[in-house]
Amino acid sequence: MQSIINSMLPEFKVQAFQNGEFRTVSSEDVKGKWAVFFFYPADFTFVCPTELVDLAEKYEELKKMGVEVYSVSCDTHFVHKAWHDASDSIKKINYTMLADPLGVLAKGFGVFIEEEGMSYRGTFVVNPEGKIKIAEIQDNSVGRNAEELVRKVAAAQFVASHPGEVCPAKWKQGAETLKPSIDLVGKL
């Protein structure tokens, strides 16, 4: 299997639901800023709303970091609206919900489950140049943690603006980083 890391964001043009409105979103709209693509299996399910609300609670923090969030499922934009209207939890979402009923995005990111017509839980961080810098895919029975996603985005942004430095495990904004060199080999 070929890694998706450092590959370009797949080209796409899909319908979306955000803040009570439908709109079209394309890969061109994403370029120029950091973005998170947050794939989940389907609307009106069980683990998905817990993750989407957790992410909604971190959305303002991510926006302050210059990051736009796109949740993605293989449902239509009409289903996203119906779920938003029916669920007090989903009403908390202010980020864009992308509709991917043909699985174009899910296939492009390598998370499409052909026999089920839905996606695995996949989280992808894309830099302003359109390159995928973080990719995480997991089974649909395990939910994700938005706080850890925020930490990873901060680390990706830090190393992008500080060439030659890397962020160690559990790194948080303001903590020490490492400068890889022969002097560090075997000393950590």
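Let me start with threonine 123, which sits in strand E8. Strands here are DSSP runs of E with at least two residues, helices are runs of H or I with at least four, and both are numbered from the N terminus. This is a predicted model, where local features need pLDDT of at least 70, side-chain atom pairs count only at pLDDT 80 or more, and totals for chains, interfaces and linings use all residues. Residues are numbered from 1 along each chain as its sequence is written, and side-chain values use heavy atoms, with hydrogens and water left out.

Back to threonine 123. Is threonine 123 buried or exposed? Its relative accessibility is 5%, so it counts as buried. Buried means under 20% relative accessible area, exposed means over 50%, and partly exposed is in between, with a 1.4 Å probe and protein chains only.

What does threonine 123 touch, leaving aside its neighbours within four places in sequence? The contacts are Val36, Phe37, Phe38, Ile134, Ala135, Glu136, Arg144 and Leu149. Contact means heavy atoms within 4.5 Å. Glutamine 138 is 15 residues from threonine 123 along the chain, and their C-alpha atoms are separated by 8.9 Å.

Now strand E4. Seven of the seven residues of E4 are buried, so the strand is largely enclosed by the rest of the structure. In a regular strand, side chains alternate between the two faces of the sheet. Both faces of E4 are covered. Val67, Val69, Ser71 and Ser73 are buried on one side. Glu68, Tyr70 and Val72 are buried on the other.

Which strands pair with E4? E3, residues 34-39, runs parallel to E4 and is joined to it by six bridges. Two strands pair if DSSP finds at least two bridges between them. Valine 36 stands opposite valine 69 of E4. E5 also pairs with E4 in the parallel sense, over four bridges. There, serine 71 faces methionine 97 of E5. From E4 the chain crosses through H3 to E5, and this β-α-β crossover is right-handed. E3, H2 and E4 make a right-handed β-α-β unit. Right-handed means that, with the strands pointing away from the viewer, the path from the first strand over the helix to the second runs clockwise.

Next, helix H3, residues 77-86. His77, His80, Trp83 and His84 are buried in H3. Why are they on the same side of H3? They cover an arc of only 120 degrees around the axis, which puts them on the same side. That arc is taken from the directions from the helix axis to the C-beta atoms. On the other side of H3, Phe78 and Ala86 are exposed. The buried residues pack against strands E1 (13-18), E2 (21-26), E4 (67-73) and E5 (96-99), and against helix H2 (47-64).

On to the cores. A nonpolar core is a set of buried Ala, Val, Leu, Ile, Met, Phe, Trp, Tyr and Cys residues joined through side-chain atoms within 4.5 Å. The largest has 25 residues, and those with the most contacts inside it are Val36, Leu52, Leu55 and Tyr95. E3, H2, E4 and helix H5 (146-161) each give two or more residues to this core. H2 gives the most, with six. Apart from this core lies another, of 22 residues, among them Val14, Phe39, Val72 and Ile132.

Leaving aside neighbours within four places in sequence, valine 36 contacts Val67, Glu68, Val69, Tyr70, Thr123, Phe124, Val125, Leu149 and Val153.

Last, charges. Side chains of opposite charge can pair when their charged atoms come close. A salt bridge here is a side-chain nitrogen of Lys or Arg within 4 Å of a carboxyl oxygen of Asp or Glu. The count by this rule is nine.

- Glutamate 51 and arginine 121 have their closest N and O atoms 2.6 Å apart. Glutamate 51 lies in H2 and arginine 121 in E8 (residues 121-126), so the pair ties together parts 70 residues apart in sequence. Both residues are buried.
- Glutamate 136 bridges to lysine 152, with closest N and O atoms 2.8 Å apart. Glutamate 136 is in strand E9 (residues 132-138) and lysine 152 in H5, 16 residues apart. Glutamate 136 is partly exposed, at 29% relative accessibility.
- Glutamate 28 pairs with lysine 31 at 3.2 Å between the closest N and O atoms. Glutamate 28 is exposed, at 55%, and lysine 31 is partly exposed, at 36%.

Salt bridges that share partners also join Glu51, Arg121 and Arg144 into one network.
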